[in-house]
Each structure stands twice: as structure tokens, then as C-alpha cells.
Amino acid sequence: MAIQVQEQPFYGLTPAKVGIWWFLASEIMLFGGFIASFVVFRLGATGWAEAARHLNVTIGIVNTLILLTSSLTIVLALAAIQRGDEAALRRFLGLTILLGCAFLGFKVIEYTGELRAGYAPWTGTFWSFYYAMTGLHALHVLGGIVVNVVLLVTTEWRRRSPHRIEVAGLYWHFVDIVWIFLFPLLYLA
Amino acid sequence: MTTHAPRSNYVAIWVWLVLLMAAGVAASFLPGARALAVTAIFATAVAKALLVALHYMHLKLEPWVIYAIALIPVTLVAILALTLLPDFSFHH
Amino acid sequence: MSPLPQSGMSAPHAAGHGEAGFWRAYVFSTDHKTIAKQYLAWGLFWTVVGGLLTVPMRWQLAWPGSDVPGWGVVGASEYNVLVTMHGTIMVFFVAMPILLGAFGNFLIPLMVGARDMAFPRLNMLSIWVFGLASLVLLVSFFVPGGAASAGWTGYPPLSGKVEYTGSNWGLTLWLLAHALEFAAFLMGGVNFLTTALTLRAPGMTLMRMPLAVWHQLAATLIFLLSVGPLIAGAVMLLLDRLIGTRFYVPGSGGDPLLWQHLFWFFGHPEVYVLLLPPVGFVCEVLPVFSRKPIFGYRWILWATGGVVGLSFIVWAHHMFVSGMDPRLAMPFSISTILISVPVAWVLFAMIATLWRGSISFETPMLFALGFIAMFVFGGLTGIFNGSAPVDIYLRGTYFVVAHFHYTLFSSTVFGAFAGFYYWFPKMFGRMLSEPLGKLHFWLTVVFFNLTFFLMHNIGLAGMARRTADPRPFEMLQPHQWINEWATVASFLLLAAQIPFVVNVIRSLVAGAPAPVNPWQASTLEWSVASPPPHLNWGEALPVVERGPYEYSVPGESQDWLPQRRPLATGA
Amino acid sequence: MVNWMRWFPENVSTYGGDVDSVFALIYWVGLVWFVITLGTFGVFLVLYRRRQGRRAFYITGEPLRQATWILVPIAVVLLLDLWIDWRGAPAWAKVKGQSPPAELTIQVTGRQFVWEVVYPGPDGKFGTGDDRQFSNEIHVPVGRPVRLVLKAGDVVHSLFAPNLRFKQDMVPGRLTGGWFEATKPGKYELLCAELCGISHSLMNGWLYVHPPEEYQAWVKQQWPAARAAAERSPR
């Protein structure tokens, strides 16, 4: 076998990409554990459909739109840095962060509305699942925002390894996909 | 750094995502058999997830290894959900 | 597509470590070898704590109600704390850090020819989060209400409401310590998998990776994919305890059985996470000390793949009589018994490696052979528990306690000692004393069997697990001598570890300096100084020419061929 | 080998034999494998220990011809495993898969640290005036199938009757159950087999299996008012 000069290639994948996908695999299991439990309880429980009607579907729709758009902006940011266009990167990354904050803002509005209406996590098992799943998801959105802000601010660090934008993007898209399943599970079905 | 393979048109994908969401919401108001509406809703959700994964996460350009890393946990979650069904969905 | 050049890693990194002070070199180090030793230090600390907890436990079972010197009378609630913390500490704070944290971190970069882990800072964060988890668990001993006492499985509603066990902050901190420990090993896991897959030295194809690395990867993969649902379950339990949500509260939509499913979905793969690294160590030690290739490298990979796959669909054998739907029992009983096939394959391959070998019995080899002997017995008793009808009787009895000590103890202790004695010279640059090692082995194997073998018998007689006081049970009185026998033997088993401690301290202080390759082994870590310098390989990465098990190759002068191509100046 | 059956408490239930026979099958299969495997292991250690001038053989075990040394034993292990499953399935179906018609149904509720045993009384229904409740005592007639309805009041308990080879968890918020038919009168111990808190090991109770006439006397003693009804259909 020819002795390569550089390391043993692994399908041409960089460590960062393999690493983030393994992390996303464990996250799929975490949210998967929640969603599997929710689904089987939802099929067996009575009264959950009625409880679900108290959710604010409009905020749910708006939040879904926000996250879908933020997926667009972060992938455009990645395209920008791949073209070497710094300004476009900063603009799109900033937009992604704003959209993330908007999502959390609407979440706070939604939660306070429901709490004031008397639906707290201890009201019933549906509400326990609702608050736990959307809360955990919101924490992940917050984590993504922090990473994006760090990327936006530390120009020097970012320029040295542009694939960090790609990794942050992959995480952000994953959090968006989790919401793509949470939204119908909680609000629509 | 992904190579400059044929770039999927991101904005077009975004439009599809919004349309699919709208379709999902509309499906939730469908009269008639609830099961039909639910399947429609989740079909749009799966479609949106695939669009984001394939185009925005560039899964289309990745070798099979990345697909494996992503699909194995999904199957495990399915196994877990199916096993929990008899205990929590059909009991008393 | 240019892969990330290694150079990005080495220049500033090496300079940083070179003249780093004490803090940078030993505490805030991102060198995988130092992190391995930090994990080892925590693991050994917890081994002492977890081991000493068994003294009052066993004393109370042998002479119930009597005064344990230095502890006083062991009350029932205290006993539940001891049993819970012994289980939790041994599984999560001894086995995981030593088998995965210490050995995984030390071996993977060295055996695949990498300079360090793929994400060194993440690796350092992993040991720090594990340290925090350890502190949280330590604090949980001293909070009002006492430490967790709902069993290492922590079934709600017992663990869900404070008044059921009386343990308030103790159990909440116990859950938090679990969450932190899982986070630490997720970070470690991502590092292990990425390093082994993408940072291998030139020529180190996947099929030339030593089995120790393959088994670390298999264990990490199982952990990474099985821990998610339990973290979800732990979050639910934490919310139930803290803000009164209704996940496991019966009668209001919640269901305690959900925790059992989520816990065991992780629980059973977890015991394979603890089994596979020692299997990897034994697969490294056997060829070296019988000077013969491992028997069927690819077949073992397929068998381990079988174990990884099957380990995800066996968990409900813990729940045959737990109120789970009886129709689910037989499928899980069949899959549980079927997992004995790939495990048997690996054990047979180990024994076949000895066939027509040239076997020498240094301490690492003794412990590896001890692992095989004990684990064959442990695995066979597993089939009793795996068969659903027999488990009706055996579940929750001491037969199960005996089974999992024969499997966990033989892998986590015998397997890990095989690895420890084998890689100690490389890790610390000193040789251990052979006589002390042999003394430690024979004492441990004898007292291990004396302690745990009869537990099978008292289990068949109907003694339930976590029995704080055997006196009320008339049917057990004729067998009380077994409790006394096991207690005395367990004290001697603890004492049998003294030669090991003496051996390690003596050799760290005044042991003979270890040569580069004391065992004439062929894998990469034996081609570099002991202990290896920072960034392992100096200027150029090693170039790998052959597989890891080229021993006694016909027509060769010496009976081993190093994996690494000798340097131009001659090895 | 030591007679392992000596350690089991005496089996006094109809399906106890099935459980014991599956145990026996696994015991003998396991024993044979243990002896073969560790026998070979021991022989290899003695035969192939290091001796001057003798070098190990270069056997990789990769080619199929060499690997059959393991393929064949593994095939046997697989067959034995399937045999164990084959014998286990009917035993499980008999014990847990069915609930034969039983004239006597007893409700046992596990509560932190007591077994509350409730008899329906002559009217056969629970929650009626003629129910009787006992603590930690179950009285059953010999030779008659008895059905158990199991509940838990607070945490998970597990009713374990070693002599009957019976064990079933009691989960709060969920109805579990089981059945047994005692074959020999006597006094047999009951235990809790799931950690249920501080006094988990004080939750032992007693199962009294009465000969028919002794059981009738006990019934009359418990439900004196309903003596007439008792003659008509023995409860």
C-alpha cells in the first residue's frame, strides 16, 4: 500500500465534522428519548388533545418561521465565509443571532401567558412534557446563540478555522430540526 | 470546507420549508378522520427535516459515514418508542 | 479536500507545554496522557471509597444489629445509602473513569499514532466536569437527609418523593452528579471516536488498529447512543423532585414504569460499556504473552459489532416481572440469551489465541487469564437471569448480585488490572515488581471467589437484594453462615489489595526505570519512550507497515515485528 | 457437583416444576460449557507454556479453515440458546401469560412496609361490606387455583413467594396480577423483592396453605354471618 505523506484519510472528513456529527447523534438520542416517551404517553393518555388546545398556535407558527429563517441565514453565512466575504458573514451571523433571540423572546411571552392562564408544569403530565421538552429545546437555542455570538465577536479565532462556522451551522440546523418535530407534536397533532 | 459542489439554492429551499409548514398547519384544521390529518402533519414535518438535513446540513455532499452516524440513533429511538407502545399506549 | 493538517496542532501547542509550570503541566493540561492520569487518580480515589462502603454493609449482613467498629450500628436507612452509593460509585465513578477515562485517553492517541486527542480543550473540560461531578457526589453524602438511598437504579416513586426515602438534597445532588458525569463522558466519547477515526498515523488503516482501540470505540459508541434517553429520564425525575411535575407520579397521567424503561435502555448497554474495554485489554495482553497473533482479528470485530448491536435490544430483561406487558418478555428473553453468542465468540477466540502459543505468566497475563476464567462463569450465570421464567424466581435475589459481580468485577477489576500492570511501565516510566503482582493476583482471585460464589446459593435460597437485616426471614436462618463467610472473605478481598498499593507506591518512588518496550510488544505505544513525551512522536508521525499482532512470524529472527516502520537510524 | 436443588426452597406450586426444570436445563448446559471451556483453557495453559527452544505457531485465525474451530462451538452455543428459549417460552406462558379461572381472588396491596391482603368475602366482589382485610397474611386452600390482584399504595413493591416460585412487582397506578395453585399445605414465607424504602427487609409475610376442611373452618370463622351462604358455594 502506498505510504501517504499525510495522515490516514477517513473519507476526506475533518475531525471537526466527525466530532459534531457524533455529538448530534447523542443529542438525537436525548431528544428522541423525550419525544418517544411523549408520543407513547400521548397515544395512551386521555385529555391530552384537549390540553394541547390551550397552546398558543400562532406563537408556535411564528417561532417555526423564525427558526426556519435562521437556518437560512446561518447557511448563507457559511456560504459567505466560503467565498471569503467577511461583511456578508457578519451580517448573516448577526441576523441568525437576532432571530434566535426573537425565538426565545416569543417563548418567554408564550410561557408567561400559559402560566398566567394557570397551566404550569405541575398542572398535568402533558404540561410537564410540554415545559420540559420546549424548555430543553430553548436552552439548546440559547447555547447556539452564545456560540454564534462568540464566533461573531472573535474575528481572529474565526478566521483561522472557517469550518467552525460550518460546525456551528450544523448544530443550529439540528436544533431547528428538533423544533420541526416538536411543533407538530405539541401544537398541531 | 466543503468543496464548491453544485450549491443548492438556499432561498428556494427556504420557500419550500415555509410552504410545507403552512401545509402542516392547514392539515391540522382538516375535518374528518384525525389519523389522516396527523399523518399529513407529520409527513410535512419529515419533509421539512429532510430538506434542512440534505441541503442546509449538506448531507447530500457527505460520504455514507455521516448518514450512518445520523441514522443509527434515529432507528434506536424508533425501537425504544415501539417497545414502549404496549406499556403506555394500550394499557388499562 | 485537504484534511486538517496536523501542523495546526503542534507548533504553539508544543511550546506551551515545554516550559509550562506545575499548573499548566499537571492541572490545566490538555495532554491526553495527563488527563488519563487525572481520570485514574479520581477512579482510584473512588475505588477506595466504594470499596470501604462495603465494610459496614457486609458487617451488618453477617452480624446484624452489632456495632461496626468506627461506624456504629448500621440502621436500615443507612444500609440503603451504603448499597445505593456502593453501586453508583463502582459503576459510574470507578469503572467508567478508569476503563474509559484513564485507559481510553492514554491508549487511543498512542495506539493510532496521533499527537493528541482531536479536541484537547474539550478533553480537558471533560475531566474538569467529571471532577465537578465527583465533588457533587461527595457533597451529597453530607447534606441533611443523607445521601441517595433509592438504589443505584433509583426507581420512582421511591426516588421521586422526599418522604419515601427521607433523602432530600442527597438524592437531587446524586441525580446532578449523574448528569455531570454523563456530560463528561459524552465529551470524552466524541473525542475518542473522532481521534481514532480521523487522526490515525500514515499506514494505520482501520483494519490495522489494535483491538484495544476498537473496543474503546465500541464502548464509547454504546455509551454515546444509549445515554440520551436516561438523561431525558433524569431531567424528568429532577423536575418531579424539584418543581413537582408529574412524569412519574402515578394516577395523574404519569407512570413509574417509564423511568424503568428509560433507565434500563441505558442500563444494559452500560454494562457492555464496562465489559468491552477490558475485553480490548485482554485482546492486547494475550498475544504479547503467548507470542502469537490474536485468533481471528476480523471475526472478533464482527462479534464485538454483534455485541454492540444486540446490547440495544435486551434492556427489558430487567423488567420481566416489573408490570411490563408479559407479551414483551419472551422477545427480550430471546435477544438476551442470543447475546451470549457473540460474547462466547470473543471468549473462545481468546482461548484459541493460547492454542500452540508460547505462554509466559507475568502479572498482566495472569489477570487476563483470570478475566477469562471468571467471565466465562459470570456469562453463564447470566443465561439463568436471561431466561424469562427462571428470572421470575431469580430477579431481586442474591443470585443476581452474584451474577453481576462475576461479570462486572471480573471485567472492571481483573480486566483493568491486566491493562494496568501491562501499561504501567509505559504510563509512569517505572517497572512494577512481579512477585508483588503475582501475590496480589492470587490473593484477589481466591478471595473474590470466596466472597461471591456462595451468594449464588443464598440467592437460590431466596435472599432478596438490598436486605438490610436478614434476621426477620426464617427461611434464611439456616444459611446465615453464608453471610458471615462472604463478609470475612470480602474483608480479606479488600486486604488483598494492599500488595497492589505497596507495589505501585514502591515502584513510583524507587521502581526500576522502564525500557521503551519491556514486553516486546508490536503496537505503536511501545515504540516511543516511557512515559511518552508531549505530543508523543517528536518530529515525524510514525509510519505503520503492518497489523498489530505479527508475533512468531515464520522466517523472522525475532518473534515479534513492530507495527511501526523502523526509523532511518534503525529502531 | 453439589446438589444445587438443595438450595431452592421446597416447591409447592403447580408451575414451580416448570420453572425448576428450565433452571435445571440451563444449569446442565452451563455446567457442560463451563467444564469444556475452562478445561480447554487449562489444558492450553499447561501444554503451551513457554519452553526453551520452542516458538509459538503463527496462526492468525483469519482464514475460514482456522475460524471453524470457533464457528462450530458457536453454532452449538446458538442451538443450545434456542433450545433454552424453546423450553422457556411455554413455562413463561403458563406462569405469566395466562390467568386460569379461579374461584378465589385475593387483592394484595403493597404499602410501605406492610402487605394489605383483602378477601372479597362470599359476594365475590371487592369494596363491599363483607370484605375482610388482613396484614401480612394470605390464607388459601390447597389444590385450588388462586388469582391475585396486585396494587401498590406508594412505591414499587414486589410480592415474592419463593416456595411458589411466584414474583410480581406492584406498581402504583397500575394493576398487576398473577395466579398460583398450592400443592402442599403449610406455612410459607413471603418477601418484598424490590427496594421500597427504609424497612424493605421487614416486609416479610406468611402464606398459609390449608387443607380443604381447615380452610372451610377458617372461612366460617371469618364470615360467621354468612354461614348459610358458605354451605351453598364454598368460598
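Which residue stands opposite Phe166(D) in strand 7 of chain D? In this predicted model, local features need pLDDT of at least 70 and side-chain atom pairs count only at pLDDT 80 or more, while totals for chains, interfaces and linings use all residues. Residues are numbered from 1 along each chain as its sequence is written, and chains are lettered from A and ligands numbered from 1 in the order in which they are written.

The residue opposite Phe166(D) is Ala161(D). Strand 6 (residues 157-161) and strand 7 of chain D pair in the antiparallel sense over five bridges; pairing requires at least two DSSP bridges between two strands. Helices (H or I, at least four residues) and strands (E, at least two) are DSSP runs, numbered from the N terminus. Four residues lie between the strands of this hairpin, where Arg165(D) takes a positive phi near 55 degrees.

Strand 7 (residues 166-170) of chain D is mostly covered, with five of its five residues buried. A residue is buried if 20 or more other C-beta atoms, placed from the backbone, lie within 10 Å of its own, exposed if 12 or fewer, and partly exposed in between. On one side of the strand sit Phe166(D), Gln168(D) and Met170(D), on the other Lys167(D) and Asp169(D), and all are buried.

Turning to the neighbouring chain, 76 residues of chain D are in contact with 83 residues of chain C, contact meaning C-beta atoms, placed from the backbone, within 7 Å. Strand 6 and strand 7 of chain D are among the elements giving two or more residues to this side, and helix 2 of chain D gives the most, with 15 residues.

Key. Two residues are in contact if their C-beta atoms, placed from the backbone, lie within 7 Å.
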